Amino acid sequence: MRLSEFAGKRIINISDGGILGTAGDSDLLVDGDSGDIMEIILPQGRGFSSFGGSSHRQISIPWQTVKKVGSEVIVVEVAN
């Protein structure tokens with residue numbers, strides 16, 4: 001899969017059905033030796049609800065919690 005294909009997908013938590021963000025807004029933590037993806041790092045608090053608040057909070061999603069990468073979504077299972 002190309003990075004450009006990954007970027008357009010929404011990230012959905014199967015535990016509660018919530019949309020965590022979009023892969024295009026995320027950073028990837030990659031193991032420098034193996035090239036394996038270790039985490040998806042999403043900014044939290046973007047949008048109107050974060051007005052006046054801290055915009056430096058992040059959600060770290062370990063790659064082992066990714067259950068499926070589909071054509072339009074990435075399904076993860078993380079505890080709330």
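In this predicted model, residue L3 is located in helix α1, which covers residues 3-7. The relative accessibility of L3 is 63%, and the residue therefore counts as exposed, the cut-off for this class being over 50%. L3 takes part in a nonpolar surface patch together with L28 and V30. The accessible area of the three residues together is about 260 Å².

Strand β3 comprises residues 27-30 and belongs to an open sheet of three strands. The order of the strands in this sheet is β3-β4-β5, and their pairing is antiparallel. Strands β3 and β5, the latter formed by residues 58-62, are at the edges of the sheet. Each of these two has a single partner strand, so one side of each remains without a neighbour in the sheet. On average, and with direction ignored, neighbouring strands here are turned by 25° against each other.

The pairing of β3 with β4 (residues 37-43) is antiparallel and involves four bridges. V30, a member of the nonpolar patch with L3 and L28, has I37 of β4 as its bridge partner. The hairpin of β3 and β4 has six residues between the strands. In this hairpin, G35 adopts a positive phi near 85°. In regular strands in general, side chains alternate between the two faces of the sheet.

A further open sheet consists of four strands in the order β2-β1-β7-β6. Its pairing is mixed, in contrast to the antiparallel pairing of the sheet of three strands. The edge strands are β2, residues 19-22, and β6, residues 66-69, and each of them pairs on one side only. Neighbouring strands of this sheet are turned by 20° against each other on average, again with direction ignored. Strands β1 (residues 10-13) and β7 (residues 73-76) run parallel and are joined by four bridges. Within this pair of strands, N13 is found opposite V76 of β7.

One salt bridge was found in a search of the whole structure. The salt bridge is formed by the side chains of E77 and K67, with a distance of 4.0 Å from N to O. K67 is part of strand β6, whereas E77 is in the segment after β7, so the contact ties together parts that are 10 residues apart in sequence.

The loop between β5 and β6 contains T65. T65 has a relative accessible area of 14%, which means that the residue is buried, as the value is under 20%. A polar atom of the T65 side chain lies 2.6 Å from the backbone oxygen of P62. P62 falls within the range of strand β5 (58-62), an edge strand of the sheet of three strands. The loop that holds T65 leads from β5 to β6, and β6 is an edge strand of the sheet of four strands.

Definitions and conventions. Residues are numbered from 1 along each chain as its sequence is written. This is a predicted model: local features need pLDDT of at least 70, side-chain atom pairs count only at pLDDT 80 or more; totals for chains, interfaces and linings use all residues. Side-chain values use heavy atoms; hydrogens and water are left out. Two strands pair if DSSP finds at least two bridges between them. Axes are lines fitted to C-alpha atoms, for helices over the stretch in contact, and angles run from 0 to 180 degrees between N-to-C directions. Patches are made of residues with over 30% relative accessible area and no salt bridge: like charges are joined within 9 Å, nonpolar side chains (Val, Leu, Ile, Met, Phe, Trp, Tyr) within 5 Å. Accessible areas come from the Shrake-Rupley method with a 1.4 Å probe; for residues, only the protein chains shown count as cover. Buried means under 20% relative accessible area, exposed over 50%, partly exposed in between (1.4 Å probe, protein chains only). A polar contact is a pair of N or O atoms within 3.5 Å; within protein, one must be able to donate a hydrogen and the other to accept it, and residues adjacent in sequence count only if both atoms are side-chain atoms.
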